[in-house]
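Welcome! Have a look at the sequence and the model below, and then let us walk through some of the contacts together.

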Amino acid sequence: MSVPLSLRLKRAVVLSPPLLWTLVFMFIPYTILFVYSFWIQKYPTFEPAFQFGNYVQLATDPQYLRVILRTIKIAFFVSLGAALIAYPYAYFLAFKVKRPGVRLALYMAVVAPLWVSYLLRAYTWKTILGTTGILNSFLMSIGLLSEPSSVFLYNQTAMIVTLIYVFIPFMVMPIYAVLEKIPKSLKEASSDLGVGRLQTFFLVTLPLSIPGIVAGFTMTFCLTFGDFIAPFLVGGPDGLMIANVIASQFGASLNWPLGSALALVMLVIVLTIISISDRFERFGQGKFA
Amino acid sequence: MTMASSNTDRRSRQVSLAAAERWSWLFGITLILGFLYLPIGVLVAYSFNASRSLTWPMSGLTFEWYLKLASNDQLIQAFYNSVYVAVCATALTLMIGVPAAITLDRIDFPGKGLFRKLILLPIALPGIITGISMLILFRAIGFNLSLEAVIVGHATALLAVVVTQVFARLQRLPQSLQEASADLGASGFQTFFLVTLPNIRTAVIGAGMLAFTLSFDEIPVTFFLTGRDNTLPMYIWSTMRRGITPEINAIGTLIVVVSIVLIFMSVLLLREKSGPKE
C-alpha cells in the first residue's frame, strides 16, 4: 500500500532476473537431485521410486563409508597443514613486517597463485614427485638415492601436500585479516603487566585469532572435501575421494540415483561444517567486538 | 665491575637472541615462499627444457614446445572455446549478479533469506554438486550438453562471487547518495546508471575479472556439462591423462604470464578504489 505501483514495477524488473535464475538453475536442480536420490537403478537406466535403498547401500557397503571417512581425514590433514604453515606467515606479516609496501608484496605473494590455474598448480606437483620426476632425479644426482623411488607420488601424502599447496591462500587470508585487527595496545598492555612474550601469544594473540583460523579451516576443509582433481593427478589406488565416486556414478557406472544420494551426503556434511563454523565465528565476534 | 660486565653480557646475549629470532623468522618465511614458488618455477623452467622427460638436471634450452603449441589445432580450438565460454559466462553472471546484489542490499521481499542462502551457496558448495545437479536438469528438459550448457553452469556457479563482491561495495555506499539523486528528480534507472553504477564500477570490473579467470580455469562444472567441445582446462586435463609432456608446461607458462598481467591490473583497480575515498 505504502509502496506505489510504479516503484513496485521497477523493483520487479530488478528482482525478477536473479530470482528466476536462482529458481530455475539452483532451486529446481537441487530439488531434482534430492528426488533422484530415492529412485531405483534398473540398468541401463533408472526408474522413479520412493525408497531409501541408495542411502542404505551407502551406510552398509563398507567401501562407501571408507571413502567418506578417508575424504574427511584428508580434508582434515590438509586444513591442519595449511593452518600450520599459514599462521606463522600471517603472524609475520601482521606483527613483524614494518614497511607497508613489503607487507602488501608478501600478502600478494600468497594470494597471487590463486589466479594461476588450479589444474596447473596441481600438475606441477605430479612432475616434481613422479618416479621419473624432478625430485627423484635430483636426489639421484646428488647421490641420496641409487634408484628412483615411487614413495613420493600416488599416495595420500602426495595428495595432502598438493592440496595444501593449492588451497593455502584461503587459510592465509582470513588469519591475516584477524591478526591485523588485533590492537597493538593489547600486546603492550600484556607485556606491561609483566607477561612474557610466549605467554602473551598464547593468552592474548592466539585466542583472538581463533575466528580467522576457524574461517580458514572451514574454507580449506570444504574445498578439499569436494575436490576430484588432485586424487586423479597425484592420488594412488587408495586415494579416491567422495567427489571421484560421485563422478563415476554419473559417468561409467551410470547409477545416477546412488550418485545423487552420495552428493546429498556430501552436501549435508559441508553445510553442517559451515553452520557450525558460522555459529563459532558469531560467538567469537560477540565476545571480542 | 662484575655487575657491569654481567649486564653487558646479558645485553649482548639479548642482542644475539634477537638476531637469532630475526634470522629464524626470515628463514621460515623464505621456506614458505619457496614452497609457494618453487613449483611454479619448475613449471616455467621445464617448458624450455630440451628433453622430453622432466628430470633433473635440465638439458639445454629450446622453444620447441612453444612451436608445437602454435601448430596444435585442437589446443587452439580449445583456447577459443574457453574464451567464448568465459566471456559469455562473465557477461551473464554480471547481468544476473549485479541486480541480485542490489536486491539483497536495497529491496525487502518475502523469501529473501532463502534467496540469499541459495545464491551464496556455490561459494562453499563443491563445484561437482553444481555440475551434476545442472546435468540432471539439462537432461530432464532435453537441453543438449554443449558449450552453451557450460556457460549457463559457469554463470550459476560464479554468481556467488559477483554477488559477494558487489554487495560488499554497495554496503559501504551511503544511502544518502540515492536519496539525493531521487530528490533532484532522477528516475530509478537514471539513479542506477548515473549514481550507483559509477560508484560500484571498480567492484563490478574486479568481480568480472575474477569471474573470467575462474571460468577460464573451471573443471568440475565443465566436466559434466560439456558435449564434444573441449575447453582449455578440459583439453589440458585430457592430455594429462595420457601422461606428462613439456607442452603442458609451455601452456602453463603462458597461463602464468597472463595471470601475472591480470593480477597487476586488479591491484591497480584496487588502488583506484581506495585512492579517492581516503
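Let us start with a pair inside chain B: B:Asp105 and B:Arg106 are both buried, where buried means under 20% relative accessible area, exposed over 50%, and partly exposed in between (1.4 Å probe, protein chains only). These two residues form a salt bridge, with their closest N and O atoms 2.6 Å apart. A salt bridge here is a side-chain nitrogen of Lys or Arg within 4 Å of a carboxyl oxygen of Asp or Glu.

A word on the background: this is a predicted model, in which local features need pLDDT of at least 70 and side-chain atom pairs count only at pLDDT 80 or more, while totals for chains, interfaces and linings use all residues. Residues are numbered from 1 along each chain as its sequence is written, chains are lettered from A and ligands numbered from 1 in the order in which they are written, and side-chain values use heavy atoms, leaving out hydrogens and water.

Over all chains, the count comes to five salt bridges. Here are some of them:

| Salt bridge | Closest N and O atoms |
|---|---|
| B:Asp105 and B:Arg106 | 2.6 Å |
| B:Lys112 and B:Asp108 | 3.3 Å |
| B:Lys68 and B:Glu64 | 3.7 Å |
| B:Glu21 and A:Arg197 | 2.5 Å |

In one of these pairs, B:Lys112 is buried at 14% relative accessibility, whereas B:Asp108 is exposed at 64%. Salt bridges with shared partners also link A:Lys96, A:Arg197 and B:Glu21 into one network.

Why are B:Lys68 and B:Glu64 about one helical turn apart? Because they lie four residues apart in helix H2 (residues 64-70) of chain B; helices (H or I, at least four residues) are DSSP runs, numbered from the N terminus. Both ends are partly exposed, B:Lys68 at 33% and B:Glu64 at 34%.

Now to the meeting of the chains. In contact (heavy atoms within 4.5 Å) are 76 residues of chain B and 74 residues of chain A. The buried area, meaning the accessible area (1.4 Å probe) that two parts lose on being put together, summed over both, is about 7,000 Å² between them, and carbon and sulfur atoms give 84% of this. Two salt bridges are counted between chain B and chain A. Helix H1 (residues 2-45) of chain B gives the most to the side of chain B that touches chain A, with 13 residues.

Key. Helices (H or I, at least four residues) and strands (E, at least two) are DSSP runs, numbered from the N terminus.
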